[in-house]
Protein chains: 2
Amino acid sequence: MSDLHISVFEPAVLREFIERVFVHFQVPAADAEQAADVLLAADLKGIDSHGVARLRTYVDMLTHQRINPKPRITIARAYKSVCTVDGDNGLGLVVGPAANRIAMDKADEFGSGWVSVCNTNHYGIASYYSLQALERNQIGWSMTNSTKLVAPLWGAERMLGTNPIAIAFPSAKYKPVVIDLATSAAAYGKIEIAKRKQQSIPKGWAIDRDGNVTRQPQDMIDGGALLPLGSERDLGGHKGYCLSAMVDILTSVLSGANWGPFAPPFALRQEIPTKNVGKGIGHFFGAMTIEGFMDVAEFKARIDTWIETFRKTKPLPGQKAVLIPGDPEHEQESIRLATGIPLIEPVVNDLLEVSKVTGVPLPFR
Amino acid sequence: MSDLHISVFEPAVLREFIERVFVHFQVPAADAEQAADVLLAADLKGIDSHGVARLRTYVDMLTHQRINPKPRITIARAYKSVCTVDGDNGLGLVVGPAANRIAMDKADEFGSGWVSVCNTNHYGIASYYSLQALERNQIGWSMTNSTKLVAPLWGAERMLGTNPIAIAFPSAKYKPVVIDLATSAAAYGKIEIAKRKQQSIPKGWAIDRDGNVTRQPQDMIDGGALLPLGSERDLGGHKGYCLSAMVDILTSVLSGANWGPFAPPFALRQEIPTKNVGKGIGHFFGAMTIEGFMDVAEFKARIDTWIETFRKTKPLPGQKAVLIPGDPEHEQESIRLATGIPLIEPVVNDLLEVSKVTGVPLPFR
């Protein structure tokens, strides 16, 4: 990103800006605060694609009344530790946290809680939700489907979203183990970056509109597709497809949401599917009470030893050390909490546009 | 395998042979029947590496009293929908089904059931367990850790097993959606096949003992390692590592089993880890009652439509169609139920050796 001008913002400043923007669109204050917390978590962890960079898209969707600012979130069906939540077409940033709280409450009551969610929208970073569970000494799971971008193995068209899986495990001495991965070989954002930098992409990321392997980002953008994790048959592309299918079914077939190619788009510019097979997109949350399996202190001590052991893995030639899942995000969070959140010029311009439309000021340092 | 002589066996004949062999080693009749059912399921589904081909290894382990033929399987700790099971060092083929039944019983009672298992051994194919749940209109999950073979991304040594994840979803008109994948880029069996055929392996499967990418199967066998799903950093190798870590923690850190590089070996010829961090290897089973999320008939109808939709995906140039997860195994099962189970000569020789040692006859057609 060194080719772009960067402005640095205090987290508290961005947080207030996001909150006030959502409130401007009739989102209740508590919900706006919650939504800002989810978005800001992405910016703090260095997952820039999922943070305030997306605020303008949420604003677009609220402006065009494609998202309900005041959803009545309900439990559509339940049996003890499991249930389906209907998000009433609210912001995913509001529906997600509410549904995740239900999962964690169920885990407190029944040992575990599992919530499939329909009628919702884009929910930010998957690991935000998994991390919430750690505060209750639970293991947290989170998944969501999303607009089609990925071809199933042997397919030549977009049928699945990048469908992430997140899970987090608490530790004692160290930062927690946080797993959060899209089930595609690469993120769509990486295709966009390669295009902007006029670079080719690695073989294994994408196919063109006819299904041929391509190294040109524009070929993917022009009706091509991302490949699932594993890329090709030989390297396990069928496995990434299976994982993406798993997420699609748990989040959206099971909840009554739109699955696969019928998931509605996140942004106005994206194509609206021709068919409706449910309500909105879908999420899936899980929480498990560690105390029901093992003494919590013992579990955390075991995780600490796990972390120490994996850090000591003999590294590849030229590599410093093996990383623990969550390391890059923990590192960014320490840095950004201390020095602020850097935003590239196009994002700042989007925020200035949002500021103009809503009248909410965006104070620079 | 066309280079090897093949003998075809009736499933019922192999089943009886396996049962009698286990009984010979003091395994109770009902447990022997259960163990044979798990092994035979692999052979019927065409997952030849995990079926009767492994009987000799189980026999070795029983002969050397490394596995307890008469385990007292206990619930070590529980809280409603979750618990830890201690397998008392029994056959995984016996402990696994018992623990999975506890998960399914809990799902009947609490909406879901989640069981982490320690003090167990190799449990056969992961999807056997997930499929059991479908008979109760549940969604079934299954994972296990195993002897170290896989390097974490940026690591140059074996630290994790091939740690599979399985999940199955019932359908109405069609065969169920069955996901079952090792979290490594390729199975160890594929390295062995390449070696036997004197072929090179694709880039992305393995590294040598110094951590260099290799295309020679022998380099992996001589102290090298398999790579996780995704292979390299660019193609998402960190994601396969994260998935393998997830399985390792859920199955073995959480249950009190040996995790990561300390998982005890499956076979006598494999190195015994220098350190003990728990009891045996670990499994993790889950079951969720569909009725708690959605009317079962509606869910199955939605899965049917999902299957139909994905089958109609525009295929890659030169490919007939996109497969549904589970297709290859369903197809093999139809064929083998009708025509028998083909075993290659080395496997038949192993069985003849087992027959000689135990006195259990192996009747050929």
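Begin by selecting Glu308(A), which is partly exposed, with a relative accessible area of 24% (buried means under 20%, exposed over 50%, and partly exposed in between, using a 1.4 Å probe and protein chains only). The model is predicted: local features need pLDDT of at least 70 and side-chain atom pairs count only at pLDDT 80 or more, while totals for chains, interfaces and linings use all residues; side-chain values use heavy atoms, without hydrogens and water. Residues are numbered from 1 along each chain as its sequence is written, and chains are lettered from A, and ligands numbered from 1, in the order in which they are written.

Lys173(A) lies in the loop between β6 (165-169) and β7 (177-181) of chain A and Glu308(A) in helix α9 (residues 296-311) of chain A, so the pair ties together parts 135 residues apart in sequence. Helices (H or I, at least four residues) and strands (E, at least two) are DSSP runs numbered from the N terminus. Lys173(A) is exposed, at 61%.

Move to Arg136(A), which forms a salt bridge with Asp105(A), with 2.8 Å between the closest N and O atoms. Because Arg136(A) is in the loop between α5 (126-134) and β5 (138-144) of chain A and Asp105(A) is in helix α4 (residues 92-110) of chain A, the pair ties together parts 31 residues apart in sequence. Select Asp108(A) as well: Asp105(A), Asp108(A) and Arg136(A) are linked in a network of salt bridges.

In chain B, select Asp86(B) and Lys279(B), a salt bridge with the closest N and O atoms 2.5 Å apart. Asp86(B) counts as buried, at 12% relative accessibility, whereas Lys279(B) is partly exposed, at 39%.

Finally, display both chains. In contact (heavy atoms within 4.5 Å) are 102 residues of chain B and 102 residues of chain A. The two chains bury about 8000 Å² between them, 68% of it on carbon and sulfur atoms; buried area is the accessible area (1.4 Å probe) that two parts lose on being put together, summed over both. Trp154(B), Phe293(B) and Arg302(B) supply 10% of the area that chain B buries against chain A, more than any other three residues. Two salt bridges are counted between chain B and chain A. Select Arg77(A) and Glu291(B), whose side chains meet in a salt bridge (2.5 Å, N to O). Then select helix α8 (residues 237-253) of chain B, which gives the most to the side of chain B that touches chain A, with eleven residues.

Technical notes
A salt bridge is a side-chain nitrogen of Lys or Arg within 4 Å of a carboxyl oxygen of Asp or Glu.
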